[in-house]
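Here's a quick tour for anyone opening this structure for the first time. Have the sequence and the 3D view side by side, and we'll walk through it topic by topic.

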Amino acid sequence: MQITWYGHSCFLLTAESGYSILTDPCGRDTGYELHDIVCDAVTISHDHPDHNCFTGVSGDPLVIRTAGEHKAGDLTVTGFESYHDNAKGATRGSNLVFRFGIDGLNVLHLGDLGHMLSDELIEQIGPVDVLLAPIGGVYTINAETATRLADALHAKVLIPMHYKTPALHFNIEGLEPLLAANASRRVHSLNANTAALTRESLGESRLLILDYKH
């Protein structure tokens, strides 16, 4: 599997077959600009403009925005109900957590998750190879909760998203709290927006930091 970060919560996940899924495409108001991204499917965790903007997406991809099991080409996509806040949606509404089965890997995208997942939901999701987690706080979980979730899900690789970068126009926490909370994980900071991950190359207890695509 190849993973490319376009900034915010937007990743392009590409299987060995070439089939690709884009997560939570963001609009220009975030500071990130998506241009002519070609993909086969798009997942939307919730209908806020920094997560459901299609202006930078080309073609007519399959759109997945509901809970339950979905088939996307030769990939499996499962949506789980959650909330955008820690008040059962009373403040910011609902959120979908998506699990992708790609090339024998389980990849979990938390969207704009705003609370710690329940033990029951963690059991439903099962072990996770790659966790894509928001860490910026304010509107989502913070670095500490993301780290607790990575531990609870037995994630082999934790990749942060939805945090402050020079491009982002609104103010949330940056990477520093995550680095402080993950002293026990091996940190790999790539000067690139794309990484290739296989079951053989995953390793254990890794924090993988991608640069966003300019």
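In which sense do β1 and β15 pair, and over how many bridges? They pair in the antiparallel sense, over three bridges. Before going further, keep in mind that this is a predicted model.

- On the β15 side, Ile3 sits opposite Ala195.
- β1 also pairs with β2 (residues 10–14), again in the antiparallel sense, this time over five bridges.
- Look across from Trp5 and you'll find Phe11 in β2.
- The hairpin of β1 and β2 has two residues between the strands, and His8 takes a positive phi there, near 60°.

**The eight-stranded sheet**

- As a bit of background, strands of a sheet pair through backbone hydrogen bonds, and they can do so parallel or antiparallel.
- Here, eight strands make an open sheet with mixed pairing, in the order β8-β9-β10-β11-β12-β13-β16-β14.
- Its edges are β8 (68–72) and β14 (186–189), each of which pairs on one side only.
- From one strand to the next, the twist averages 20°.
- Val187 has Leu207 in β16 as its bridge partner.
- Helix α2 packs on this sheet and touches β12 and β13, with its direction at about 160° to that of β12.

**Salt bridges**

- In general, side chains of opposite charge can pair when their charged atoms come close.
- How many salt bridges does a search of the whole structure find? The search turns up five.
- One of them joins Lys156 and Asp129, whose closest N and O atoms are 3.7 Å apart.
- That pair links distant parts of the chain, 27 residues apart: Lys156 is in the loop between α2 (143–152) and β13 (157–161), while Asp129 is in the loop between α1 (119–125) and β12 (130–134).
- Is Asp129 buried or exposed? Asp129 counts as buried because its relative accessibility is 5%, whereas Lys156, at 22%, counts as partly exposed.
- Asp129 also meets the side chain of Arg199 in a salt bridge, at 2.9 Å from N to O.
- Arg199 lies in the loop between β15 (194–196) and β16 (206–209) and Asp129 in the loop between α1 and β12, so this pair ties together parts that are 70 residues apart in sequence.
- Arg199 has a relative accessible area of 41%, so it is partly exposed.
- Through shared partners, salt bridges join Asp129, Lys156 and Arg199 into one network.
- Elsewhere, the side chains of Arg28 and Glu33 form a salt bridge at 3.9 Å, N to O.
- Arg28 counts as exposed because its relative accessibility is 55%, while Glu33, at 45%, counts as partly exposed.

**A proline to look up**

- Pro166 is in the loop between β13 and α3 (176–181).
- With 82% relative accessibility, Pro166 counts as exposed.
- Which residue is 8.8 Å from Pro166 in space, C-alpha to C-alpha, though 135 residues apart in sequence? That residue is Gly31.

Key. Residues are numbered from 1 along each chain as its sequence is written. This is a predicted model: local features need pLDDT of at least 70, side-chain atom pairs count only at pLDDT 80 or more; totals for chains, interfaces and linings use all residues. Side-chain values use heavy atoms; hydrogens and water are left out. A salt bridge is a side-chain nitrogen of Lys or Arg within 4 Å of a carboxyl oxygen of Asp or Glu. Buried means under 20% relative accessible area, exposed over 50%, partly exposed in between (1.4 Å probe, protein chains only). Helices (H or I, at least four residues) and strands (E, at least two) are DSSP runs, numbered from the N terminus. Two strands pair if DSSP finds at least two bridges between them. Axes are lines fitted to C-alpha atoms, for helices over the stretch in contact, and angles run from 0 to 180 degrees between N-to-C directions. Contact means heavy atoms within 4.5 Å.
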